[in-house]
Amino acid sequence: MKLIISNLKMNLTLEEIKSYIQQLNEIKCQRNKLIVCPSYPYLSYFNGKNYSLGSQNVASEKMGAFTGEVSIEQLTSLGIHYVIIGHSERRTHLKEDSDLIRKKLSLCFDYDVIPILCIGENLEEKEKRTEVLKSQIDSALQGLKLKDIILAYEPVWSIGTGFIPTREEIKNTLDWMKKYMKSHYSIECKVVYGGSVNPRNIESLNQIEEIDGYLIGGASLKIEELKRIIEVLEVEK
Ligand code: PEP
């Protein structure tokens with residue numbers, strides 16, 4: 001069972017999302033788990049049974065006077081139990097730091113929401129990525145009482161660029177992440193890969209056993225591409 005997490009980011013109009021949902025509801029995803037993360041206003045339009053919903057973000061405060069924010073309680077009241085936290089676009093454009101990320105993670109654990117924590121190195125850091133990932137994991141998780149969590153390894157230089165690490169690099173990095181989470185945090189967590197996943201590279205990526213799933217941006221916007229990716233993953237190996 002692989003996790004397939006589609007991150008629609010700030011894309012699609014209401015008309016487009018309605019047609020997307022119609023086609024999404026027809027996709028067969030039985031061997032794997034599909035989690036769709038649309039923009040907030042569209043969450044309640046999704047009505048299919050073949051996927052779960054996730055949020056692209058959550059406020060770091062519980063409730064109250066925080067104009068423009070959406071709280072964890074509001075999300076859970078919509079039946080949402082997955083939230084992407086610390087995506088590199090938020091770290092870069094919105095200056096999200098580890099203190100903020102830790103607060104969001106803590107709220108997720110309090111409300112039994114499963115966070116999908118994104119970490120990854122930028123191009124200059126490629127050769128020392130283990131160090132970078134270690135620091136991102138520790139600064140986000142320090143002092144928290146951990147519950148279920150999904151880690152997303154997303155090399156920043158791979159997001160939306162068409163470039164992906166070699167199979168060997170992904171294998172070694174994910175293997176290291178799983179071992180680190182076990183030895184330092186005593187948990188076996190799922191680790192997904194994100195960065196330019198598409199129908200052309202999914203068969204090759206699917207040969208890496210360490211990958212527990214995929215976080216997919218650009219390709220998940222085109223329903224035909226998402227469908228093709230799912231079809232490849234649905235085939236029994
Ligand atoms: C992402 O934004 O998390 C992502 C993986 O995007 P893309 O698939 O477009 O590289």
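Ala, Val, Leu, Ile, Met, Phe, Trp, Tyr, Cys and Pro count as nonpolar, Asp, Glu, Lys and Arg as charged, and the others, Gly among them, as polar. With those classes, the shell around the ligand has three nonpolar, nine polar and three charged residues.

Some ground rules. This is a predicted model, where local features need pLDDT of at least 70, side-chain atom pairs count only at pLDDT 80 or more, and totals for chains, interfaces and linings use all residues. Residues are numbered from 1 along each chain as its sequence is written, and side-chain values use heavy atoms, with hydrogens and water left out.

Now the ligand. It is surrounded by 15 residues, the closest being Lys 9, Glu 154, Gly 160, Ser 196 and Gly 218 (near means a heavy atom within 4 Å).

Next, the distances to ligand oxygen atoms. For Glu 154, a polar side-chain atom lies 2.7 Å from one. Ser 196 has a backbone N or O atom 2.7 Å from a ligand oxygen. In His 87, a side-chain N or O atom is 2.8 Å from an oxygen of the ligand. The protein buries 96% of the 290 Å² that the ligand exposes when taken alone (Shrake-Rupley method, 1.4 Å probe).

Note on methods. A polar contact is a pair of N or O atoms within 3.5 Å; within protein, one must be able to donate a hydrogen and the other to accept it, and residues adjacent in sequence count only if both atoms are side-chain atoms.
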